[in-house]
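These are my notes on the model you sent. Please read them with the structure open.

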Amino acid sequence: MAFMKHLLSAGLLALGLSTQVQAQSLLQYAHPEIGTAHSRWFFYTPAAVPGGMAKLAPSTNGHYGNPSGWEAVGYDARHNSIEGFVHFHEWQLGGVSFMPTTGALRVQPGDLEGPKNGYRSHFDRKNQVSQAGYYKVLLDDYNITAELTATTRVAFHRYTFPENKQSHIILDIGNVQGESGPILDASVRMTDATHFEGFVLTAPKYTKHDDPGGKVSMYIYGELSKRPDSVGAFTLAGVQAGRQEAKGVGAGLYLNYTTKDQEAVEIKVGLSYTSIDNAKLNLQTEAADLNFDQAKALAQQTWETAFEKIRVAGDEDSKIKFYTSLFHVLLGRGTASDVNGAYPKHMATAGQLPAHANFQFINTDAIWGGYWNLTQLWSLAYRQPYINFVQTQLQLSKDRGWFGDGIVNSEYVSGVGTNFVGLVVAAAYQAGIRDYDTAYAYAAAKKNELGWENRPTGSGKTDTRAFLKYGYSPYKESDPADSTGAHFSASHTLEYAFSAFAVAQMAKAMGHTADYKTLIKYSNGWRYLFNPANHLIQPKLAEGTFLGNFDPYASWRGYQEGNAMQYTYFVPQNPAALIAAMGKDSFNIKLDKIFESAEQSSFGGGKEIDAFAGIKSIYNHGNEPALHISWLFNFSGRPWLTQKWTRLICDEFYGTAPIHGYGYGQDEDQGQLGAWYVLASLGIFDVKGFTDLRPIVELGSPRFDKATIQLQNGRTLVISAPHHTDKDYYIQSATLNGKPLANCWLYRDVLMKGGELKLVMGSKPNTRWGIKVPPPSVQ
């Protein structure tokens with residue numbers, strides 16, 4: 001147990017957390033099954049620790065893969081059978097499924113629907129336990145109880161069998177899982193009576209476009225608590241009884257047991273992206289002295305302490321939404337480096353982090369959308385994930401020359417074709433997170449905004465040259481984006497302008513005056529596309545004319561995953577200028593009506609279950625481009641409307657059911673929608689994502705009577721809104737450490753000093769509060 005306590009302390013320190021845990025458990029409020037109808041591959045992985053490499057979960061349809069590379073796959077709350085328990089769940093990465101069975105041997109998972117023709121088993125959700133750090137289910141077809149938990153790099157299984165002379169454990173290594181893409185090669189073998197090792201090499205779909213020739217490797221080294229009676233192998237060619245090794249596509253082993261009633265077999269599996277030796281080292285370092293129950297206790301105490309960083313007091317449903325959202329935020333981007341600092345490099349090779357590195361190399365979905373939500377929450381209370389993200393991108397830049405918006409084992413897998421990493425780095429700098437080579441970070445961020453020569457497709461922003469030439473990206477009818485423009489030209493222009501603003505502020509802070517002048521010029525790119533005739537952002541051709549046959553509700557024509565109604569408000573770097581261009585009264589009336597209309601469809605795509613359900617809507621909270629819009633009323637003199645609409649989005653878009661989770665149709669990219677809820681329910685947000693020279697925090701409508709936040713600088717902030725009801729959306733008055741607060745915003749550095757922010761709430765708007773001095777728009 002001494003080793004366990006040491007490991008717990010080390011794990012928590014890696015997250016920037018203390019080991020002090022209060023008595024009342026917060027685990028009860030994190031419900032991983034929320035939103036699991038149409039959930040993404042990495043969304044439902046309860047048996048994991050924050051930011052872990054080992055992310056175990058049951059799979060209902062993982063072996064089907066997903067043709068487009070991103071769709072919902074893995075675990076769907078509408079399915080009633082489980083085909084295995086999968087170890088690797090990341091963006092564009094999945095593999096290694098285990099399944100316990102009894103009776104006649106089957107080595108294929110079988111079909112989701114129709115007659116039973118594989119090893120999958122029916123299950124009843126009343127016999128399922130899903131918690132942060134632990135999963136348990138009864139497999140009805142076999143009367144086997146399966147349990148899962150994990151450390152950072154080690155997966156733990158416990159299978160409790162009935163009495164049976166034909167008990168099996170299937171190790172399915174060489175088949176497609178989730179977003180893995182085609183299997184290029186695989187191998188698994190017993191190294192002795194109770195140990196096995198293997199690997200799988202894949203080619204995710206997005207690498208074909210973003211990083212041609214890119215490959216992704218996963219390695220395992222496992223230990224069995226009980227020696228099997230016999231072992232056999234299988235491949236696509238069929239079953240080979242008695243063989244202890246399988247190679248190639250479809251490779252796997254089956255372990256045969258004679259089991260007594262309620263006999264448990266435990267498995268520990270070390271994982272790695274670099275080698276079998278490092279998978280073994282990860283197992284020996286993290287789990288040599290741990291059994292399943294100890295690992296479960298360790299995992300759940302790690303989650304408990306992470307949740308303790310923000311303790312909220314309020315109604316039950318809101319706490320469930322809050323801690324489930326925080327669960328997805330912290331689950332998020334997974335560790336990719338080993339305990340010895342080895343990390344995956346391009347083309348399935350390995351690199352080595354510097355000695356005493358202060359970070360873990362990670363895998364990450366695109367940060368598109370996360371630059372508002374995840375980064376603010378990280379910089380508020382969870383410093384280490386932010387360090388991991390920035391340092392990983394700096395290492396990737398050193399290795400490959402460019403940032404990567406989304407990466408899998410150092411392969412570029414952007415997906416959206418843009419790149420906000422420079423903005424994220426700039427925001428970290430402005431938030432005081434500077435535990436890295438800031439000079440190199442600035443140079444890489446500047447290159448991300450202004451560089452175009454020999455820019456690889458997967459680094460995104462391949463129309464940068466056109467943006468620099470015209471001040472906007474010209475519309476072109478077809479993909480891909482190139483030096484002449486882009487099909488998603490309007491959204492690219494808006495995004496590049498915002499990102500240029502962010503890096504301009506970093507340049508200014510570091511004394512690069514000439515760079516600042518250049519970058520701030522490009523931050524006005526949105527002005528080229530603002531059409532004064534219709535007050536909308538409209539794509540423009542290279543010759544300077546607006547795109548014809550224009551439908552402001554049409555998606556995918558000039559706009560990535562959205563439309564003009566949503567993207568017109570994407571000027572977070574200068575809301576005051578956008579408001580002035582539209583006219584303040586017109587802006588307020590129009591935007592308020594947008595939200596009145598959007599409420600009728602629950603602020604998204606209604607009850608349609610699809611990631612893109614709301615992209616033709618007037619407002620779509622289920623996808624990234626619109627998530628700041630409800631906060632813009634703070635800039636237009638009507639902060640009470642920000643308070644109203646952010647509260648209603650919290651209450652009506654977010655749910656507590658498997659189908660109504662993050663909306664009905666949503667695109668939850670590794671915690672960014674969850675992070676929005678956490679911030680909005682606390683009543684704080686910044687539309688610029690802390691990119692200002694002196695960042696600010698806007699105030700909204702806190703959902704809780706009290707929230708106690710252990711800030712990442714070691715201080716404590718209490719946000720209190722005592723005795724308010726569900727209908728008390730509106731701030732009546734505010735004080736900070738007892739002093740009246742007249743504005744609907746304050747500087748972030750003031751907030752980070754800690755103390756108490758107290759808000760008196762009411763059911764009717766106080767139209768006199770918070771309007772005298774609007775938030776600063778340009779710095």
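The numbered points below go from the basis of the model to the whole chain, and then to single places in it.

1. Basis. This is a predicted model, in which local features need pLDDT of at least 70 and side-chain atom pairs count only at pLDDT 80 or more, whereas totals for chains, interfaces and linings use all residues. Residues are numbered from 1 along each chain as its sequence is written, and side-chain values use heavy atoms, with hydrogens and water left out.

2. Overall fold. The protein chain holds 19 helices and 33 strands; helices (H or I, at least four residues) and strands (E, at least two) are DSSP runs, numbered from the N terminus. Its radius of gyration is 26 Å, close to the 28 Å that the globule rule gives for 779 residues, so the protein chain is as compact as a globular protein of that length. That radius is taken over C-alpha atoms, and the rule is 2.2 Å times the number of residues to the power 0.38. The C-alpha trace spans about 80 × 60 × 50 Å along its principal axes.

3. Of the 779 residues, 65% count as buried. Buried means under 20% relative accessible area, exposed over 50%, and partly exposed in between (1.4 Å probe, protein chains only). Among contacts with a separation of 6 or more, 70% come from residues 24 or more positions apart; a contact means heavy atoms within 4.5 Å.

4. Strand β4. Ten of the ten residues of β4 (residues 93–102) are buried. Strand β3 (residues 84–90) runs antiparallel to β4 and is joined to it by five bridges; two strands pair if DSSP finds at least two bridges between them. The two form a hairpin with two residues between them, and Gln-92 in the turn has a positive phi of about 65°. Strand β10 (residues 164–172) also pairs with β4 in the antiparallel sense, over six bridges. Ser-97 of β4 stands opposite Val-86, and its bridge partner in β10 is Asp-172.

5. Asp-365. This residue is in the loop between β21 (349–352) and α6 (374–381). At 3% relative accessibility, Asp-365 counts as buried. The C-alpha atoms of Asp-365 and Gly-406 are separated by 4.6 Å, although the two are 41 residues apart along the chain.

6. Backbone points to check. Most residues other than glycine have a negative phi, and most peptide bonds are trans. A cis peptide bond joins Asp-479 and Pro-480, with omega about 0°; Pro-480 is in the loop between α10 (464–470) and α11 (489–509). His-535 has a positive phi near 55° and is found in the loop between β24 (530–531) and β25 (536–537). At 23% relative accessibility, His-535 counts as partly exposed. His-723 has a positive phi near 60° and lies in the loop between β29 (716–720) and β30 (730–736). With 77% relative accessibility, His-723 counts as exposed.
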